[in-house]
Structure formats: C-alpha cells, structure tokens
Amino acid sequence: MTRYNLSPSMLSRYFFFECPRYLRYHATPKAERMINKLPAGKVNTAPAAKALLDAGFSWEEEVVRKLEGQVQIASGSGALHERVLEWQETLDGLSTLSPGHHLYQPTLQPPPDFLSQYGVSSDLCRFGISRPDLIRCTTVHGKRRLQIIDVKASEFLKGSHRIQVTLYARMLQEVLKANDLPLAADQVQAGIWLYNQPEPVWFDLIPSQRILEDFFSHKLNEILTASPKDLGWHLYYRCEWCEFYEYCRKEAEEKQSVSLLPFLSVAGRAYLREARWEKNGSVDSLGDLTTCLERDDAPVIFNGCGSLMNRRERYAHALQALDRHEVVRHGGYSVGFPRYESVRIVLTLQESPVDGFIYAAGVRRFGGSDGPFGTPFGRTVFVARSSEECATVRTKFIDHLYGLLEIVDGYNRDHLEWNEQFSLQTYVFDTYEQRLFIKLLYEAVKDPDLAPKVLTLLFHFQDTTLAEADEHPGKEVPFPLIVLTGVIRRLAALPIPIFYRLPEVQEVLPASHYPQTLNPSRRFWFDLSNTLRSDVILSVWNGQNVEAGVEAIQEELGRRLDAASSVVTGIREALGDSLVAWAPKFFLPAPMDFVHPLLSRLAFIVRYESFIAALEVREKRSLPASERLELGISVPVVSLGDDRWKLEQPLDPYLFEAQGTIRLIVPPGDEGERAQLCYNDYERRKRRYTPKSSILRQATVEGTLPDLRTGLIKQVSLKVEQKKEMEPFQKGDPAVLYPVFMDYNVDTILSRLSECDLDDTDLIRLIEEPLTVATPLAEDPGFVEAARGYANSHHLTSSQRAAFDQILKNRLTLVWGPPGTGKTTFLAAAILSLVQARQEQRRGIRILVTAFTHSAVENLLSKVQSQVHDLPVGKGVRVVKIDRDETYRRNGPASTTNDAIKAGLFSDDPSLVLGGTVYGIYKASKYLAPFDLLIVDEASQLRFGELSLALAALRPGGRLVFAGDDQQLPPIIKGEYPEPEDGLPGLHESIFRYLRLRDDHDQPRYTAELLENWRMNSTLSRFPAAALYGDGYVPATPVLAEQRLSLKPAGRPGSSLDAMLAWILDPAYPLVLAVLEDVQATVENQVEAGIVAALVVQLRERLLAPESDRGYPLTMEGDRQFFEEGLFIVSPHHAQIEAIRKAVNGLWIWHSPPFVDTVDKMQGREADAVIVSYGVSDPETAQQEATFIYSLNRLNVSVTRAKKKCITFLPRPLLTPSYELLQHEEGLKGLGHMLNLQAFCSENGETRTFSFVAEETGEQVRLTVLRTRVD
C-alpha cells in the first residue's frame, strides 16, 4: 500500500488551490507516480519563481538580524536559510529556551500516530520533518509557553499562511507531549512576520484549527484512498501556479469539462460533481450541464449552491456562447458604462510579485483633438529600471494623469456652454488594475510633494481611503473608474473558456475602427490572468538587458492599452442596447468647505454611505429581467381600480418591502424599462415627484393582501403620485413596480456639520479627544445626595448605582448595558431621580431623549411616564414625544407636532422630558430653550452624523449620557473603510463603540458597565459572560438564576423524532446547540425549518403560561400571548423565516400568526424560550454573506433574548467553513463566537446524535444536539 508523504506547506497549498487532486498527486511518492500513471508535474523554473524564493530568504535574514541576541541559530558557515537545528538540538533548545528568545529553523518530527486522533492511520500517510521559521518563548501566568512565528515575504496575511502555521502549532504540541517536555504550545494564537513589518501579525488559531480538524477527520482518508480519477478538481485562475496545471487543462479540453465555463467557482464545480439530487449522478461535462438545465427542477438544483443561485440563465448563456462561438447577451443593463465620452482615459498598472512595488504604469488618452488636446490620442508608459525607481514611476504617472484631467477641467471651465464642454471617462480592463491604482494613490498621498495632486485625483476617483484624509470632495462622481471585465460579465457571455483574457476578449468584441489584434506571448502572458509576467522586469532589475527589457515592457503595455481601448468600442458596438448612461461633463471636484478635518471626514462618510446605497438600488434594477423577477426586484402588477393592484405572480412577503415604502411604477415595455434605468436615485433622493418629461410615477405601498392558504402576497394597495398632465392608470392597466432609493436626511446632517464647523463644539471634542468632555461637574452636594436617595428608592443594583454616580459627577457617561441588564429601566430611574432632586431644590431640569428608532424613544418615555405622576412633584413634569406615537402604548407619553413646538408650547418649560428621533429633535431645537441633559439610547446603532443633530439642542456644558452595547447590533455600514492607523474604531462606526474603545480599559474614565442580568438564568448568562462581558455578568437574583421552562409532561415518544424533541426541550438544560448534518441549503433550509416547526408545536402544546399551571388558551389571544411571552423564533434570512412560517402553519391551526422574524426585530425583546435558526448550510453562501451570517453581534443578540431556554440551530457547514473565510477578519470573529458556543455547550453538558428521515426530502439526516446547564 502506498504511504503518502504530507507536509504543512503541501497542505497549505491544498487549501490555496482547494483541490483534492493536487494533494493526492503531490503526496504520492515520486517513484510511485509513474506506476500509478500519475503526471510528474512541471517544476516552475521561471525567474519570478526563483526571485520569490530569494526574497523569502532575504526577509528571513532581515528578521533574524532584528532579533539579534534573542535567537538561537544552528552553527555553520552556509547561507542562513540552509542552517537548521537538528532534532536533538531542537529538543535541547526547547527545554532551555527563555522568555523573549527564539529558535530559528527548529526541526519538528511529529510522532507516527500524529493523525490517529482523527482516524487516519500512520500506515496510510505521515508527516515528515517540518521546520517552522521561528519558535518563540513567552510566559502566561508565570509558565513558559511556546509560540510559532513564520516569516513571509508577503504584504498580506493569507489563508494559506494561517493553515501552515496552525499545523506547525499542533505539531509542536504533539512533539512536546511525545517527548515529555513540561511546556505548552500556544494553541490560541500564532504569528506571521510580514514583509517590511516591525513585528509579527498575531492571529487567532481556533478557526483554522477547526478547518484542519474537519479536513483530517472527514476528507483526508477519502482523498488518499479513492481512485485518482474520482478525485475532485477544477480549473480556475489559481491553477496556473500548480505543477499539474497543463495536465488538468488538457483533460478539461479533451473531455469538454464544465471547468471550461468561465468563472465557475470551486464550490460550484464540487456541487455539480456531487449532484446529490440524483443517485449516481454527476455533472462533469458541458453536455451534462446542458441536460441538467433542461430539467423541470433546475431552479431548485441551482438554488442549492451559493454561486449558482438565481444564475441558471447566465450558465445557459455561457454554454451557448462556447457551443456557438458567439457572444450571448444576458439581458441586463449597465447604468455606469457610458454610450459615449468625449475623452477616454485607459490605465494599466503592474506590480512585482516579490516586493509588491508598482513598477510600471501606463495611460492612454483617446479623443479631445478638437478641443483640449491637439491630437486624437496619446499614450505614455512608465517603467522602473530598478526597484528604487518605482517611486519615480509613481510620481511621473501621477503628474501625467493629473495633467490630462486638469486640461479637460480647465477647458470646460473656459467654455460655459454645455454643448461645448467635454465629457471624460476612465477605464481599466481588469480588477487587479483597479486595486493597484487605488494602492498607488494611497501610497502617493503620503508624499508631501505629490499630496495636493493625489488628493485632487482621489476627489475624482472616490474611494473609502478618503475616510482618513483631511479634505474631501464636494461632489459625488458616480462611476469614476470602470472595470471592463465587470461590465462584460454583467452584460454577456463570451465564447472564451475558463477566463476572460484581454487578447481573446478583443478578438470576440472587435472594434470596427481598430483592426489590430493583441497577440499574447508566453514572455508576458499567463493563461488564466491578465497580469503581466514579471520575469522580464526582474531580469532588468538584476542588470540583464536593461534597455531592451524596459523597451519590451513599454511596448507590451502600450499594446495592452490600445487593446483595452478598442474593447470599450467593441462593447458599444456589440452590446449598445444594454447601455443607458452618458458620461457627464468633466470637472475636477472642489473640496468641501470645512475648516476642521474631522468634520470633513465625517461629512464624506455620511454622504458616501448614502451614495453607495443609492447605487446598490440602481444596480439591482439593471439586472437581467429573469433575475429581477425571481428576486422580486421587478414586480408586474395589474390595476384592479381604487388603488388596488394584483400581482401577476404572488410573492413571498420577504421579497416585497413593507408598508410605507416607496416604489417606482412604470408601464411595461421598453419605454418603461428605459425610464426606470435612467432614473438617478441619488440626485432625486428626497424628491417625491418624478421628472417632468418622464413616464415614471412614484407609488407608496399602503398595504398588502396575502393569500390565506399560501401566505404569498397576491394584492397590494398603492397610492400613486403623478403629475396633473399624466393620464391616471385605469382598471386593467398593467404596470411594473421597482425599488427606489430615498434619503431625506443626508443633506440635513451635512448642513448641521457645517454649523458645527463654525464653532468649537462638543461634537469635535468627542471625536478628537473624548476625555476633554468627560470632565467632573461641580454640583451642589445637596443635589447629589438628594439624587442618590431618590435613585436608591428605585432599588438599583450595585453596578446601576455606580453608573448613576458617574452621571451625577461627570459630564460624559457611557452606560454599557449588556443584554437583560435593565438599561432602559435604569435610564428611566435616572431621569426620575434627577427630576425629583432638582425640583426638591425648586429648580427644573430639561432632559432630552433620543435613539436610533421611534420604538426605543417611546419605550423609555413610557417607563418615565408610567411613574412620573406617582411622584410628589410629578405633576409639574411634562413627558412628551415629538411626532406620532408609533408603538401606540397605553399610558404612553403625550405627543406633539413641530407646529406646536414652533408656536412655543414647550419653549421654556422648567421641567421637561422631551423625546424624539435625532431628526425631529434637530427641527425642534430652533424653537426650544436648550436642554440640560441629552440621553441617547441605542447609541451602539447611532453614528456621529446623527448625533450632531441632537447636540444642537443641548446647552453648553450640558450632560451627555450614551447608553448601548457595541456587542449587539451595529449601524448598517455600506462602504468598506480602511482601518485607522491607531487600530481604533473609525468615524463610520457607532458613537458608542468609538467612545468605549477610547476609554481606559483598566480604569474607565467615563464608561460604566451594568452587570446584573434581569433576564436570563445562570446557564444562559454564563456563555455571554465568558465570551464577551466578564465574570461579573450574572443573574440579578437567585430566583432569576434558577428559572426554568414549565412544561406539561410529554407524551410517550412515538418515534425517534419525538424522542429527539423531548431531549431538546428538557427544561433542566436551558442552552441547546443543534447541529444539522448531511444537508446542504443556501438561504432556505426546509429540513431545519421542519424541526423548528415540530419544536414550536410541542411548546404550544406543553408550555405553561407565566405564574400558571395551565397552558396558553387555544384562542387568538392565547396564540398572541404565546408568541409575545412564551416563544419567538429568530432567523437571519427572510427565506428561512418564510420556510419556518410555512412549516409551522402546516402543523398547527393558528388564530394569531406565529412570530418569526430577523434579529433586527428582536433586539430589546425577550421571551421564555427562543429558537434561533440559521438555516444556511452552504459554505459558499455563508462566505458570500460572511459579514451578515458570521456576525458576532447578531449571534450575541439572538442567544441573549431567552429567559429560560435558548435553542440554536447552526448547520455543520457554518462550523466547518470554507478556506476563503480565513481572509475575512470580521467573519472570523463571528466564527470564533460560534465555535466558542459549541465548546461551551460541549464542556458543560452532554451530546447525542439523532438520526431520522426528513419529511421534507425523504432522506436520512442526522442532528447532533449539545444540551447544556451550568449549576
């Protein structure tokens, strides 16, 4: 039997390629490859490959020099990287290594049974000698601990680095154990020393450990024992770095593999290969895929995989394109690619793979000969003759590009007539050029000599990099840089296999005026990439044929620029009907008129967030018609008269936005389609009426009518707004509804920030240095003592008393309120105590209350209102809400209007508690006397732009109280912003998170954490305490700690499913984690929904009402109370919510609808029991939505809603994520929280695996249940 050889570097490359075939071929001893008819593989002898190795060795030497005197190196005279500590030297070195010291290139020889713990025999495979770059000794609690550090000549921490180092760490642990060394290897964190960094980057080992454990336990045996022909493989852009690439490409072409489909993902290829929908089936060839697409259940099949979901027609078009050798349109549109521009700029940039330096940059200008330029086109390419010249290339490129844009800007400013001005559009061919361009600008802005020009360029080529700049553009530029490959992929399928290279794209999208073609040479071209091969530039930098090499690169990039420019024309000629935009007349944006850089940054972020959201809506409306219909973006309707409209195809409620939303409504057909595509949402973001010349109308959704049997929406009530000259819709008229972006607030915030810029305001001080606001207050001792006395009458806990003291003594207070700590109750008590203390002194106090939502404001005001009239002085206090009361509470606060405020109704009330959203408060602030105290609830969802509005109503020196929890739901952030250099939260994050992480962690100056939990029992409290909030986070009373579900006795189990449900619902185990195995689903998991529905019915039958020995009545009121007090169900995806609703409705006749919703609707709510259903069991879907699915905050909110019982469903694939997730920092934090939950349940309870036949699929599935209690 073959014994396969493994190594950490080999496994890291396996994960990099995501290819079982690669691992099997590479792990097979070379002597046996020929016997087994396996390819030998082609060694990469290119100069670039050698240069990468040499760069790695050079960086290792530099790191070792940095550690001089702190590192043990093997003796010898050879090159440093050739010197290794042999086995015994390593063991001796580990025994004596002192804290702060390192071993360089130690030898790790894992024991033969290293993999036996995962069920892998040592007879099947083995790890040979491995050598991490560094082992470092540190101390933890006085004991020595060893950490792995690997040195990488790379700019970024990659997923493959994490895998390799994680494996080293696990090996080190086993070596220590096998050799009885009384040391521990750190299994929590390890380091990668990246290129040019002063110290290692430390990362969490747990996620990559989980990936490796799953691989060893479930995949390695199969890869090494299966027939080689049955192993999965796929061709995509990374494959060209593999020694078996040519072998696989030849096979793909000979067998017409589906791998020839451009941009098919690795996960998508694996899904098609496994073909779980058909026994012994596999979709391997293009013909197989054609047959699959013709099946009646093709929509269901394709919606089972993240990258295939809603893309059936696109893959059908790709097959047609390859088969017919022609361009096939998808049917969508581009709202960015213009039909014409006066001046066309095309860019290309190239970087060295060795050090990441941008060594070449080129610009091609076309057009403008009859205006700003005297020639029809110009082309310039800059190439560095050495690595030191890269900075010169950057300078020349910036000067040249800036010069071109400045000329067009100047020409247009000199010509005031619109028809005399020139438009301009800039292009790159591929996304890597876009990335390098932004990288170059980011590097150049740090050069004082270049900074003014670069900042102007950034004003035009707007990027989130500007969030850290001091000046910002005064106007948005919708599509400043267009990536041609993105446009092509959106609009059409090309007859090009695997990858869209520029030469082939130019050939199939020819420009009639440009007959030349780009002939790719192996000297400069990869097969599966548009990046330039770096062999020539590395030879130049080594002094070989310098002038000839530079000239060759210039000529090659010149040809590329010409070809990319011709593709622009080729797209217009072939796909012109899919283009609806026109390039705007060009002007370089002027800076915003802000004196203070921080306010300029904030204004940029506020506007950019709104701008990105508007573009998202336009992009959705431009998708192909079939995708729009499937996703509920286009909604065909027919008028029934009297504002009622029938949907031509009933929709799931989650696909149709709620009551009160605004939609575009147009007649069907080309004219209506063009009108909605050309509608500029951002420019018209606060206008309720459409352009005069348009057939567009706007419609407000006033109600929906679901089908009682299916739950699908079949009718809507619309209030259609239209101009007088328009013919109204008549009964029977068809129309189409589209989403539209509206934003009434961004301009208000920008106006307020301009006001703040004129004064030295609290807003600036809070952002710049919060401690200057957190100043002690000189209060009357009598007032302080009186306030404390009144606060004590509210029976505050110790942490609440400390928080109230902070409010009394300090101008700034952050009330950190973890789930269930009574934050709102505490704030109400604080308000009442302050009012009473002031009135005892015969003085008033004016308190302002605001929050992210109306409901949060009303909740707090209602708590105050319910108690204020019981106070001796309560009748002199008014509790008022600006605008309507949206939650309609009985005994809630009085409400008022802006007209009443303008009339002076509350202008000088001495004692007033006024609440409203920040927008309502800002409008009212002009007519009200200043307030003494501003309380912001839900401050972890509010940002500084919104806060600026509320601060307008606060008197100078007034108190500030921000209450929230940044471990719960954050604000929605559209842009991806660079991390500030200090590593602290940026201005795009919530005010609460921004301020809390700037307080002193050990001795907080203004943060007061509430610790006593008034909601959860001891088990449910313990997990968030251990993971997030600290050991002080405990139930407030022994009664709360011991609370359990009260259930009627269960009937005798009649099936394995009944036994499983009873085991899950056992009240003695308050925390349950249910891991669904063997099921793949994207956003709708019917098997999980079925289990959830069965649990819901069991709880409806057995759960006793609070303080009762009876269940909830079988009435409408009983159902309503059950879903208000007894149970609610949380799911992140609307599709899973609808699946659960359907399953629940199929098992029980409800008199009031079941409450199933997203976590956003649950924050602030609680129930005796909560079921959390994640549903998503497709790793690719989870990866695509990592920020959402793997949100630590969302999981934390979900599992902290229950008082007595929380059941969380996490499908197995979420706990064994894809390799790609290792590149997603925020996603890794959420994964870590999931794994912590799994570990907590495993360590504090018991585990059983249940097998049963799922009614939804008829297949045998398993559910691993971990139930937990902490005594």
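In the predicted model, the C-alpha centres of domain 1 and domain 6 are 38 Å apart. The domain assignment places domain 1 at residues 4–225, while domain 6 is made of two segments, 1020–1038 and 1057–1268. Between these domains in the assignment come domain 2 (237–324), domain 3 (343–578), domain 4 (597–745) and domain 5 (760–1014).

Domain 1 and domain 6 touch through 15 residues of domain 1 and 14 residues of domain 6. About 1200 Å² is buried between the two domains, and carbon and sulfur atoms account for 62% of this area. Of the area that domain 1 buries against domain 6, 43% comes from Arg 162, Arg 210 and Ile 211, more than from any other three residues.

Arg 162 also takes part in a salt bridge, in which its side chain meets that of Glu 1225 at 2.5 Å, N to O. The count of salt bridges between domain 1 and domain 6 is one. For polar contacts between the two domains, the count is four residue pairs, with both residues at pLDDT 80 or more.

On the side of domain 1 that touches domain 6, the elements giving two or more residues are helix H1 (8–17), helix H6 (159–178) and helix H7 (206–218). The most residues come from H7, which gives six. Sorted by class, this side of domain 1 holds seven nonpolar, five charged and three polar residues.

Technical notes
Residues are numbered from 1 along each chain as its sequence is written. This is a predicted model: local features need pLDDT of at least 70, side-chain atom pairs count only at pLDDT 80 or more; totals for chains, interfaces and linings use all residues. Side-chain values use heavy atoms; hydrogens and water are left out. Domain bounds come from an automatic or database domain assignment. Contact means heavy atoms within 4.5 Å. Buried area is the accessible area (1.4 Å probe) that two parts lose on being put together, summed over both. A salt bridge is a side-chain nitrogen of Lys or Arg within 4 Å of a carboxyl oxygen of Asp or Glu. A polar contact is a pair of N or O atoms within 3.5 Å; within protein, one must be able to donate a hydrogen and the other to accept it, and residues adjacent in sequence count only if both atoms are side-chain atoms. Helices (H or I, at least four residues) and strands (E, at least two) are DSSP runs, numbered from the N terminus. Ala, Val, Leu, Ile, Met, Phe, Trp, Tyr, Cys and Pro count as nonpolar, Asp, Glu, Lys and Arg as charged, and the others, Gly among them, as polar.
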